[in-house]
Amino acid sequence: MALDRCAEDPRPFIERAQPTHPSLIDTEHRLAELYHVVNVPTLIWIDENGRICRPQDAQFGTDTFTAFHGKHSAPYLDLLRRWVQEGAGALPPEEVRQHQLVPSPESQQARSERRLAWWLQEHGHAEAARTHFERAAQLAPRDWTIRRGSMPILGQNPFGPEFFALAEEGAPEYPMEALTPTRQTSPTG
Amino acid sequence: MATTAFTLIDDDEAKTLQATLLDERVLLAPEVLREALGWELRDQGLCRGPLCVPVADPEHLAPGGRIDLCQLAEVLGRPLALAAREGVAVLGTAAPERASRLASLEAPDFSLPDLEGRLHTLAEQRGKKVLLIAYASW
């Protein structure tokens, strides 16, 4: 799902990809809150019984930006393929819990501030919106769905100098990333 | 005291209710609180149905009988984002509640639109493996 401000931002990507799966728009960041997503891309595995069997993970389907983030797609695609075809790679419940990123009171306050900022922006209160986007950012400095996600809304380029300054602070990291072997080129054993 | 229309976004549902704005404080009449949020202040504390939360200082929560929205959020342990001048607030989900839902490993259901505006839910996919990908144009 696209954590975008409107359907028009991701539309060119979706139309070009022609996906056979549902491709959804989440302008209010409902998914981000329900699943405690702090950056994109974030991938979560859900089994046939509706249970999370691999928690939030930041992985890529291509190597387009490997030079920037250092992760390779092939090992992750292997893991995915094995899960789909053989049911392998899903984690037992205790391991899922141990590697889940969980929200804090500050991060939940930040989400409420961001939600308010979004409403204010949508209803023509740009100045007040900015105040609350800033408050959200202060409360959750490592939540890029807030810090980078609000850049287009605030007229900043999420691929420009403000983003590079943000990246200097260090990207958010999920506990699961330490377990997923994508920082090397060889496929999983 | 005069009241004005106030928008309260409670668990992602926008509700319009009558509130008294005093300085930066948002005060709700007891019947408004009961109708909009289901809570009321009784002798046992702040109650919703059979559930009651003890209130250490009822006068602080409800000065003159009207419930202060910020104090309400604090008693309930929920985050509140307030833009009093613009007449809107977001009452969010408490971290322990969100965390315990995640720890249950039950994938929360949702209903979101595609590009054509058609709604899709996670529940529709039950019986299949689901790879949930959050991405963005940014």
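In the predicted model, helix 6 of chain A, which comprises residues 105-122, contains 18 residues and extends 26 Å from its first C-alpha to its last, close to the 26 Å expected at 1.5 Å a residue. Of these 18 residues, 14 are buried, so helix 6 of chain A is largely enclosed by the rest of the structure. Just after this helix, Gly124(A) adopts a positive phi of about 85 degrees. A contrasting case is provided by helix 9 of chain A (residues 161-168), which is hardly covered, the count of buried residues among its eight residues being zero; just after helix 9 of chain A, a positive phi of about 105 degrees is found at Gly170(A).

The largest nonpolar core has 37 residues, and those that touch the most other members are Leu116(A), Ala117(A), Leu120(A) and Ala136(A) together with Val26(B), Ile67(B) and Ala89(B). Two or more residues of this core come from each of helix 6 and helix 7 (126-139) of chain A and, in chain B, from strand 1 (4-10), strand 3 (25-28), helix 1 (30-37), helix 3 (69-76), strand 8 and strand 9. The greatest contribution to this core, six residues, is that of helix 6 of chain A. In soluble globular proteins, nonpolar side chains tend to be buried together. Once neighbours within four places in sequence are set aside, Leu120(A) is in contact with His125(A), Ala128(A), Ala129(A) and His132(A), and also with Ala83(B), Glu86(B) and Val88(B). A second core, separate and made up of 29 residues, includes Ala2(A) and Trp144(A) as well as Leu105(B) and Ala107(B).

The contact between the two chains involves 63 residues from chain A and 40 residues from chain B. On the side of chain B that touches chain A, at least two residues are supplied by each of strand 8 (80-83), strand 9 (88-91), helix 4 (95-103), strand 10 (111-113) and strand 12 (130-134) of chain B. By class, that side of chain B has 27 nonpolar, five polar and eight charged residues. In the loop between helix 2 (30-34) and strand 1 of chain A lies Pro41(A), and the peptide bond from Val40(A) to Pro41(A) is cis, with omega near -5 degrees.

The domain assignment of chain A gives domain 1, covering 11-102 + 174-178, and domain 2, covering 105-168. Taken over C-alpha atoms, the centres of domain 1 of chain A and domain 2 of chain A are separated by 23 Å. Contact between these domains involves seven residues of domain 1 of chain A and eight residues of domain 2 of chain A. The side of domain 1 of chain A that touches domain 2 of chain A has, by class, three nonpolar, two polar and two charged residues.

Within chain B, strand 1 pairs with two other strands. Seven bridges join strand 1 of chain B to strand 2 of chain B (residues 13-22), and the two run antiparallel; Asp10(B) stands opposite Glu13(B) in strand 2 of chain B. These two strands form a hairpin with two residues between them, and Asp11(B) in the turn has a positive phi of about 50 degrees. Strand 1 of chain B is also joined by four bridges to strand 9 of chain B, and here the strands run parallel. In strand 9 of chain B, Ala89(B) is the bridge partner of Leu8(B), and Ala89(B) is also among the residues that touch the most other members of the largest nonpolar core.

Most residues other than glycine have a negative phi, and most peptide bonds are trans. Asp23(B), in the loop between strand 2 and strand 3 of chain B, has a positive phi of about 55 degrees although it is not a glycine. Asp23(B) is exposed, with 5 other C-beta atoms within 10 Å. Leu105(B), which is not a glycine either, has a positive phi of about 70 degrees and lies in the loop between helix 4 and strand 10 of chain B.

Conventions. Residues numbered from 1 in each chain as written. Chains lettered and ligands numbered in written order. Predicted model: local features only at pLDDT ≥ 70, side-chain atom pairs only at ≥ 80, totals over all residues. Nonpolar A, V, L, I, M, F, W, Y, C, P; charged D, E, K, R; others polar. Expected span 1.5 Å × (residues − 1). Buried ≥ 20, exposed ≤ 12 C-beta atoms within 10 Å, placed from the backbone. Domains from an automatic or database assignment. Core = buried A, V, L, I, M, F, W, Y, C linked by C-beta atoms within 7 Å. Pairing = 2+ DSSP bridges.
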